[in-house]
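The sequence and the coordinates come first.

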Amino acid sequence: MSKYLAFEEGKKAAWLSVWTLLGIGVAEVIISTSTGSLTLLADGLDSLADSLISFIVWFGISMIQKPKTKFFHYGYGKIESFAAFLAAIVVIVLGIFIAYHAYERFIHPVETTNPEITMITLLAAGAISLHRAFRVRNIAKKYNLISLNLDAKNSIKDGSASFVGFASVLAGYFGIPYMDAVGGLIIAGYIFFMAYVALRESTLVLLDATNNPNLSIDITKYVHEKFNLYTSDVRIRPLGHTIEAHINVKLDPQLTLKDTLKITRDLQGSIADKFKIKDVIVIPVVPSQ
């Protein structure tokens, strides 16, 4: 499948997540107003935030397909990681809001009503979120889309949080005090953990840090073993869903321009195929005496 079709499939998955999570969130928030359950409200707000995250992810994947411009010489590959970074900030703000209200519920307990409706709602929300999450995750892994993978992880977190919320409400149903507030705090904990993971992964890409530090060593060995050439420097630059490699290769200064061009082209094609790198830039250098 071409990259265009891959991005289109990723966009469709993210767009469907937007509306699925939005529907779940709105339903949970509305029902929470009649039951007074903080856990259900927290889960609903979490779903609404995840819907916003899915929208940011959809926008980021859409931008990836834009061609290079005179202002963005490397294209828009990193906007996917930037979208994931923005989504993580939204998640952190949401977590703080939920944690604060859970603390308030500890200080000033509020009795919830109709816990059966709350539990049914949480079970339904969890099942739908997990079903969507695993489908989205398969697409994200298939095409190595960072922000879509974040979207899937958030949906998994959202579904898991719904089941945790169900357990909290169930415990409160059997007379264990403060479980509604505990459920809100647990969901906030889920949110903070996912925010940490998203910030770490997206920030590394934005700062040009590679998550495979041995790749440059592997390329150096490959160039020497297959082409009997030496490299003076190999640098890896992540571009969101793909990477770029800059390779300085030591060549004999007596080589003709034709031979030099042939060697660099052979290196580019071979390294790109071997290591699945989109852009390979080979720079001939004269060995130091």
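Trp15, Trp19, Phe55 and Trp58 are linked into a cluster by ring pairs. The model is a predicted one, and its count of aromatic pairs comes to seven. Among these pairs is the one between Trp15 and Phe55, which is tilted, with 6.5 Å from centre to centre and 50° between the planes. This pair connects distant parts of the chain: Trp15 belongs to helix α1 (residues 3–35) and Phe55 to helix α2 (residues 38–64), with the two 40 residues apart. Trp15 is partly exposed, because its relative accessibility is 35%. Phe55 is likewise assigned to the partly exposed class, at 37% relative accessibility.

Both residues also take part in a surface feature. Trp15, Trp19, Leu22, Val26, Ile30, Leu52 and Phe55 make a nonpolar surface patch of about 640 Å². Helices α1 and α2 are the elements that give two or more residues to the patch. The largest share, five residues, comes from α1. One of the patch members is Ile30, which lies in helix α1. Ile30 has a relative accessible area of 53%, so Ile30 counts as exposed, the cut-off for that class being over 50%.

Charged contacts come next. Side chains of opposite charge can pair when their charged atoms come close. The structure holds two salt bridges. In one, Arg235 pairs with Asp233, and the closest N and O atoms are 2.7 Å apart. Arg235 is exposed, at a relative accessible area of 57%, whereas Asp233 is partly exposed at 26%. In the other, the side chains of Lys262 and Asp266 meet at 2.9 Å, N to O. Lys262 and Asp266 are four residues apart in helix α8 (residues 257–275), so about one helical turn separates them. Asp266 is partly exposed, with 35% relative accessibility.

Together, β2, α8 and β3 make a right-handed β-α-β unit. Strands β2 (residues 242–250) and β3 (residues 279–285) run parallel and are joined by seven bridges. Within this pairing, Ala245 stands opposite Val280 in β3.

Which value of phi does Asn114 have? Phi of Asn114 is near 50°, a positive value in a residue other than glycine. Asn228 likewise has a positive phi, near 55°, and is also a residue other than glycine. Asn114 is placed in the loop between α3 (79–107) and α4 (115–143). The loop that holds Asn228 runs between α7 (215–227) and β1 (230–239). Asn114 counts as partly exposed, while Asn228 is exposed. The table sets out the values for these residues.

| Residue | Phi | Relative accessible area |
|---|---|---|
| Asn114 | near 50° | 40% |
| Asn228 | near 55° | 58% |

Notes:
Residues are numbered from 1 along each chain as its sequence is written. This is a predicted model: local features need pLDDT of at least 70, side-chain atom pairs count only at pLDDT 80 or more; totals for chains, interfaces and linings use all residues. Side-chain values use heavy atoms; hydrogens and water are left out. A salt bridge is a side-chain nitrogen of Lys or Arg within 4 Å of a carboxyl oxygen of Asp or Glu. Buried means under 20% relative accessible area, exposed over 50%, partly exposed in between (1.4 Å probe, protein chains only). Rings of Phe, Tyr and Trp (its six-membered ring) pair if their centres lie within 6.5 Å; planes under 30 degrees apart count as stacked, over 60 as edge-to-face and the rest as tilted. Patches are made of residues with over 30% relative accessible area and no salt bridge: like charges are joined within 9 Å, nonpolar side chains (Val, Leu, Ile, Met, Phe, Trp, Tyr) within 5 Å. Accessible areas come from the Shrake-Rupley method with a 1.4 Å probe; for residues, only the protein chains shown count as cover. Two strands pair if DSSP finds at least two bridges between them. A crossover is right-handed if, with the strands pointing away from the viewer, the path from the first strand over the helix to the second runs clockwise.
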